[in-house]
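The following exercises are to be worked with the sequence and the coordinates at hand. Each task is followed by a solution in steps.

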Amino acid sequence: MVFIGKKALIFAVAAVLSLTIASLGIFAVAKTVGKMSFPVGAVVVIDAGHGGADGGVVGVTGTKESELNLELALKLGELLEARGVGVVYTRTSDEALSDIKREDMKMRADIIANSRPDCVVSIHLNSYSDRSRRGIQVFYDDTGRWQSFASLLQERLNAQINYKYSKRSDLAPQAGDYYITKCAAVPSVIIECGFISNAEDERLLNTDSFRRELCVSIADAVLFALS
Ligand SMILES: [Zn+2]
């Protein structure tokens with residue numbers, strides 16, 4: 001199984017070198033892309049939730065959460081890399097890191113710790129008994145540590161995606177006791193990228209164009225929140 005892509009490793013090494021050089025005061029610690037600036041060598045861990053035997057939730061027409069999570073995670077990573085951000089994935093295939101859930105989560109935590117990221121974005125899809133429920137929602141740790149980071153992401157996702165597709169601009173980030181948001185002392189959020197229990201959200205998530213639009217919005221939001 002491949003847990004960390006070659007590219008990601010190169011970025012991680014580059015990030016360490018950049019930070020080392022920056023700490024020597026050789027160049028400024030901010031880099032500007034367009035109107036945004038973020039730390040030189042910024043590294044984002046992208047975690048595609050579930051995988052392997054753990055397929056996550058299942059959509060109205062049988063869409064498997066784990067597969068869509070991976071598609072979204074890879075697309076988001078590609079967009080962030082194109083903007084000069086180092087990306088480390090917890091998984092790049094549809095395999096779990098371990099067949100034992102607790103070990104799988106521990107291995108994700110190890111990847112996060114070893115990557116020394118600037119933030120962690122865990123990609124999931126939601127499901128709910130009320131099938132009218134729709135929209136993208138951000139979740140953060142119940143200690144409240146990453147609430148403002150989550151709010152910045154949620155506001156952008158409301159404006160760019162939720163209002164456009166479901167006329168909802170009032171979704172608020174939610175706090176909870178989530179393992180993945182406790183793995184590092186940097187902003188860590190789960191983004192539930194829609195409800196596959198809703199037929200329209202599921203249909204959209206199965207189109208390349210919507211996935212791309214959503215990932216562009218998430219990438220913009222992450223860069224904005226890091227800047
Ligand atoms: Zn999930």
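**Exercise 1. Overall architecture**

Which pattern does the protein chain follow when read along the sequence? Describe also the composition of the fold.

*Solution.* The model is a predicted one.
- Step 1: the protein chain contains six helices and eight strands.
- Step 2: read along the sequence, these elements give α-β-β-β-α-β-α-β-β-α-β-β-α-α.
- Step 3: among contacts in the protein chain with a separation of 6 or more, 75% join residues 24 or more positions apart.

**Exercise 2. Burial and the nonpolar core**

Determine what share of the residues in the protein chain is buried, and identify which members of the largest nonpolar core touch the most other members.

*Solution.* 
- Step 1: of the 227 residues in the protein chain, 46% are buried.
- Step 2: the largest nonpolar core has 53 residues, and those touching the most other members are Val44, Ile46, Leu153, Val189 and Val222.
- Step 3: for Ile46, neighbours within four places in sequence are set aside; the contacts are then Ala73, Leu76, Gly77, Val87, Tyr89, Val121 and Ile123.
- Step 4: as a general point, nonpolar side chains in soluble globular proteins tend to be buried together.

**Exercise 3. Helix H2**

Is helix H2 largely enclosed by the rest of the structure, or largely exposed?

*Solution.* 
- Step 1: H2 covers residues 65-82, 18 residues in total, and reaches 26 Å from its first C-alpha to its last. This is close to the 26 Å expected at 1.5 Å a residue.
- Step 2: 13 of the 18 residues of H2 are buried, so the helix is largely enclosed by the rest of the structure.
- Step 3: just after H2, Gly84 adopts a positive phi of about 90°.

**Exercise 4. Packing of H4 against H6**

At what angle do the axes of helix H4 and helix H6 cross, and which residues make the contact?

*Solution.* 
- Step 1: the axes of H4 (residues 147-166) and H6 (residues 208-226) come within 9 Å and cross at roughly 145°. The crossing is right-handed.
- Step 2: H4 contributes Phe149, Leu152, Leu153, Arg156, Leu157, Gln160 and Ile161, while H6 contributes Leu214, Ser217, Asp220, Ala221, Val222, Phe224 and Ala225.
- Step 3: these residues divide into ten nonpolar, two polar and two charged.

**Exercise 5. The setting of Phe195**

Why does Phe195 count as buried? Locate this residue in the fold.

*Solution.* 
- Step 1: Phe195 lies in strand E8 (residues 188-195).
- Step 2: Phe195 counts as buried because it has 27 C-beta neighbours inside 10 Å, and the cut-off for burial is 20 or more.
- Step 3: beyond four places in sequence, Phe195 is in contact with Asn126, Ser127, Tyr128, Arg133, Arg134 and Asp201.
- Step 4: Ser127 is 68 residues from Phe195 in sequence, yet their C-alpha atoms are 5.1 Å apart.

Terms used
Residues numbered from 1 in each chain as written. Predicted model: local features only at pLDDT ≥ 70, side-chain atom pairs only at ≥ 80, totals over all residues. Helix = DSSP H or I, 4+ residues; strand = E, 2+ residues; numbered from the N terminus. Buried ≥ 20, exposed ≤ 12 C-beta atoms within 10 Å, placed from the backbone. Contact = placed C-beta atoms within 7 Å. Axes fitted to C-alpha atoms, helices over the stretch in contact; angles between N-to-C directions. Left-handed = near helix turned anticlockwise from the far one by under 90°. Nonpolar A, V, L, I, M, F, W, Y, C, P; charged D, E, K, R; others polar. Expected span 1.5 Å × (residues − 1). Core = buried A, V, L, I, M, F, W, Y, C linked by C-beta atoms within 7 Å.
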